[in-house]
Amino acid sequence: MQLLQNKVKEEGIVLSGQVLKVDSFLNHQMDPVLMKEVGKEFTRLFKEANVTRVLTIESSGIAPGIMTALEMEVPLIFARKQKSLTLREDIFVEKVYSFTKQETNEITVAKKFIKPGDKVLIVDDFLANGEAAFGLARIVEQAGAEVAGIGIVIEKAFQPGGRLLAEAGYRVESLVRIASLDDGVVTFA
Ligand code: G4P
């Protein structure tokens, strides 16, 4: 997606060989016009998938997720990271380890929002090692629903998430793929 690639080029800040800061349009300040285009692009890419729900994880997945859900005219569900006050039998729970943050979160989704027969599109802002996407996919499968695909705004293709998800049989569509952040420069795949 050229518009997004230009934005990464113009505003992305390489923090290290591993981390790209995009807080001017995705992770802190959010660019709604760009997010609207992201939603349209995921809708175009997954138009044959008969998606019935979009699933993301708080917080930065919500903007691309809601724009995609709006365009598809289906509900958006965001997995919560905090422990829910809801009774445990009413929620799906998965553990997600973040290599970037070196912490494990329990992510939760209320059982009433994903049902057998649903075709769920998983959307997230970043794909690194794929832990978040795998955790969301396990929740969809716990529900007896189907993962229709995985839509990623920015994939760091030098980390293994994209390959691992594809090997597990998921269709992954990344709008921008980064081959390297070496020497402070963003190189696109
Ligand atoms: P993984 O799910 O693919 O394995 O990724 P990882 O655990 O490494 O990512 C943990 C958090 O760090 C996620 O945000 C993810 O979006 C973010 N992240 C990973 N790599 C980068 C990067 O290069 N740049 C930026 N800006 N973020 C990155 P999170 O903890 O869920 O936070 P948030 O959604 O509340 O912002």
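Let's start with strand E7: four residues of the lining of the largest pocket come from E7, and that is the largest share. Keep in mind that you're looking at a predicted model.

How big is the largest pocket? Its volume comes to about 840 Å³. The lining has 33 residues, and the closest to the pocket's centre are Ser 98, Thr 100, Lys 101, Asp 125 and Phe 126. Sort the lining by class and you get 14 nonpolar, nine polar and 10 charged residues.

Now, what takes up the space? The largest pocket is where the ligand sits. Around the ligand you'll find 21 residues, with Leu 20, Ser 60, Lys 81, Thr 100 and Lys 156 the closest. By class, this shell is made of seven nonpolar, eight polar and six charged residues. Here E7 (119-127) turns up again, and both E7 and H4 (131-142) supply at least two shell residues each. E7 gives the most, with three.

Zoom in on a few atoms next. At Leu 20, a backbone N or O atom lies 2.6 Å from a nitrogen atom of the ligand. Asn 27 uses its side chain instead: one of the N or O atoms there is 2.9 Å from a ligand nitrogen. Over at Lys 101, a side-chain N or O atom is 2.8 Å from an oxygen atom of the ligand. As for cover, on its own the ligand has 720 Å² of accessible area, and the protein covers 86% of that.

Technical notes. Residues are numbered from 1 along each chain as its sequence is written. This is a predicted model: local features need pLDDT of at least 70, side-chain atom pairs count only at pLDDT 80 or more; totals for chains, interfaces and linings use all residues. Side-chain values use heavy atoms; hydrogens and water are left out. A residue is near a molecule or strand if one of its heavy atoms lies within 4 Å of it. A polar contact is a pair of N or O atoms within 3.5 Å; within protein, one must be able to donate a hydrogen and the other to accept it, and residues adjacent in sequence count only if both atoms are side-chain atoms. Accessible areas come from the Shrake-Rupley method with a 1.4 Å probe; for residues, only the protein chains shown count as cover. On a 1 Å grid over the protein atoms alone, a cavity is a set of points where a 1.4 Å probe fits but cannot get out, and a pocket is an open set with protein on both sides within 12 Å along at least five of seven lines; lining residues have an atom within 4 Å of a point. A molecule sits in a cavity or pocket if more than half of its atoms lie within 2 Å of its grid points. Ala, Val, Leu, Ile, Met, Phe, Trp, Tyr, Cys and Pro count as nonpolar, Asp, Glu, Lys and Arg as charged, and the others, Gly among them, as polar. Grid points are joined across faces, edges and corners, and a volume is the space filled by probe spheres set on the points.
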